[in-house]
Amino acid sequence: HKILEQIRQETQQNVRMIYHSNCATHTDGMFHYIKWHIRDWQKMLAVADIGIVIKPPENVVQRRKPSNKVLSYMAAGLPVVCTPTAADQLIMEHGKHGFFAYTDDEWRVSLKTLVEDADLRRTMGMAGRDAVWRQFTLENITAKYTRLFKTTENTT
């Protein structure tokens, strides 16, 4: 929260964070909490500017999570800022689809850069979307499984 307040002050932009949760919809300063409804997830991504994924390095469970959020944000055309796992690094390229951030200063610089530069948000977002559509289509995933099964079949 401290980093977001710094960005708001430095950029003079009205930074608003939207969280989906099970609590009632309400606003508390720059934070807007929206009651979670699975049917609305695509609508929320369509009006967002930046996708953020925090997986603390010291949290073993978080570090093992798959890249579902990063992939969803990229598919929606959003630039992503995340503390990446190994899986995230396989699908997202730092500086092309968004930024990897490990320290508070890296988070502040990455988010501030994206808040201040709408063209960069669009460029990174579209690069991420294109990468997802090239690599993760049903046809590409099916082809990968088919190759895996054929390889396994030939070794048994």
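## Close-up views of helix α7 and its partners

**View 1. Helix α6 crosses helix α7.** In this predicted model, the axes of α6 (residues 104-116) and α7 (residues 118-135) approach to within 5 Å. Their crossing angle is roughly 105°. Angles of 65 to 115 degrees count as roughly perpendicular, and α6 and α7 are therefore roughly perpendicular to each other. On the α6 side, the contact involves Thr 113, Leu 114, Val 115 and Glu 116. On the α7 side, Ala 118, Leu 120, Arg 121 and Met 124 take part.

**View 2. Arg 121 sits in helix α7.** Is Arg 121 buried or exposed? Its relative accessible area is 16%. The cut-off for buried is under 20%, so Arg 121 counts as buried. Leaving aside residues up to four places away in sequence, Arg 121 touches Asp 49, Ile 50, Pro 79, Leu 114, Val 115 and Glu 116. Among these, Leu 114, Val 115 and Glu 116 belong to α6. Gly 77 lies 44 residues from Arg 121 in sequence. In space, the C-alpha atoms of Arg 121 and Gly 77 are 9.0 Å apart.

**View 3. Helix α4 also crosses helix α7.** The axis of α4 (residues 68-75) comes within 7 Å of the α7 axis. The two cross at roughly 110°. Helices α4 and α7 are therefore roughly perpendicular to each other. From α4, the contact uses Leu 71, Met 74 and Ala 75. From α7, it uses Gly 125, Gly 128, Arg 129, Ala 131, Val 132 and Trp 133.

**View 4. The whole protein chain gives the setting for the close-ups.** The chain holds 8 helices and 6 strands. Along the sequence, their pattern is α-β-β-β-α-β-α-α-β-α-β-α-α-α. The C-alpha trace spans about 60 × 35 × 30 Å along its principal axes. There are 156 residues, and 33% of them count as buried. Among contacts with a separation of 6 or more, 46% link residues 24 or more positions apart.

**View 5. Surface and charge of the protein chain.** The chain exposes about 10200 Å². Carbon and sulfur atoms supply 54% of that area. How many side chains are positive, and how many negative? The chain has 21 positive and 17 negative side chains. The centres of the two sets lie 6 Å apart.

Notes
Residues numbered from 1 in each chain as written. Predicted model: local features only at pLDDT ≥ 70, side-chain atom pairs only at ≥ 80, totals over all residues. Heavy atoms only, no water. Helix = DSSP H or I, 4+ residues; strand = E, 2+ residues; numbered from the N terminus. Buried < 20%, exposed > 50% of the residue type's maximum accessible area, 1.4 Å probe, protein only. Contact = heavy atoms within 4.5 Å. Areas by Shrake-Rupley, 256 points an atom, 1.4 Å probe, with all protein chains shown as cover. Lys, Arg positive; Asp, Glu negative; His and termini not counted. Charge placed at Lys NZ, Arg CZ, Asp CG, Glu CD. Axes fitted to C-alpha atoms, helices over the stretch in contact; angles between N-to-C directions. Parallel < 35°, antiparallel > 145°, perpendicular 65-115°, else oblique.
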